[in-house]
Amino acid sequence: MIMMPYSWRWSSLQLTGQADFWHPTRPSVAAGLLLETLQHAGSVLYYHGDFDWPGLAIAHPLIEAGALPWRLGAADYRNALARCRRLKRLPPPGRPVETPWDRDLAATMMNHRIAVEEEAVIDCL
């Protein structure tokens, strides 16, 4: 399993060396190349991140590129809410958020409006 606080568009990181400029929501080019190389070698990549809008924005391209969501569904979010002692308000997103790996996740988060940081559930990961 690889846990990363950043994402990037896999399509922009080809082994040919073509890459977008580094952006805070993406890892370094070296990290991107490593993940792509691991995937091409047959490694199975899993992703888990924060249950907040930036966390979902990070997850989306990684999962689209082949990483598997790991404990990152609506049921996992509800379980995390039950365990979370430090509640953090989740404001509405600036634009619609889609979670194609779990169609109910974004709606469930909108209904509860509480963010759950990865650190709050680290013991069950």
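Colleague: In which helix is D76 found?

Modeller: This is a predicted model, in which local features need pLDDT of at least 70 and side-chain atom pairs count only at pLDDT 80 or more, while totals for chains, interfaces and linings use all residues. Residues are numbered from 1 along each chain as its sequence is written, and side-chain values use heavy atoms, with hydrogens and water left out. Helices (DSSP runs of H or I, at least four residues) and strands (runs of E, at least two) are numbered from the N terminus. On that numbering, the helix that holds D76 is α3.

Colleague: Is D76 buried, exposed or partly exposed?

Modeller: Buried means under 20% relative accessible area and exposed over 50%, with partly exposed in between (1.4 Å probe, protein chains only). D76 has 27% relative accessibility, so it counts as partly exposed.

Colleague: With which side chain does the side chain of E118 make a polar contact?

Modeller: E118 sits in the segment after β4 (114–115). A polar contact is a pair of N or O atoms within 3.5 Å; within protein, one must be able to donate a hydrogen and the other to accept it, and residues adjacent in sequence count only if both atoms are side-chain atoms. At 3.0 Å, the partner of E118 is H48.

Colleague: How far from E118 is the nearest side chain of opposite charge?

Modeller: Lys and Arg count as positive and Asp and Glu as negative, while His and the chain ends are not counted. A salt bridge needs a side-chain nitrogen of Lys or Arg within 4 Å of a carboxyl oxygen of Asp or Glu. E118 is buried but has no salt bridge. The nearest oppositely charged side chain, R71, is away by 11 Å.

Colleague: What is the phi of R71?

Modeller: R71 lies in the loop between β2 (68–69) and α3, and its relative accessible area of 40% makes it partly exposed. Although R71 is a residue other than glycine, its phi is positive, near 50°.

Colleague: And what is the phi of R113?

Modeller: R113 belongs to the loop between α4 and β4, and it is partly exposed at 36% relative accessible area. R113 is not a glycine, yet its phi is positive, at about 55°.

Colleague: What relative accessibility does V44 have?

Modeller: V44 lies in the loop between α1 (29–40) and β1 (46–47). V44 counts as partly exposed because its relative accessibility is 47%.

Colleague: How far apart in space are V97 and M110?

Modeller: V97 lies in the loop between β3 (88–89) and α4, and with a relative accessible area of 24% it is partly exposed. V97 and M110 are 13 residues apart in sequence, and C-alpha to C-alpha they are apart by 9.8 Å.

Colleague: Which pattern does the protein chain follow along the sequence?

Modeller: The chain has 4 helices and 4 strands, and buried residues make up 37% of its 125 residues. Read along the sequence, the pattern is α-β-α-β-α-β-α-β.
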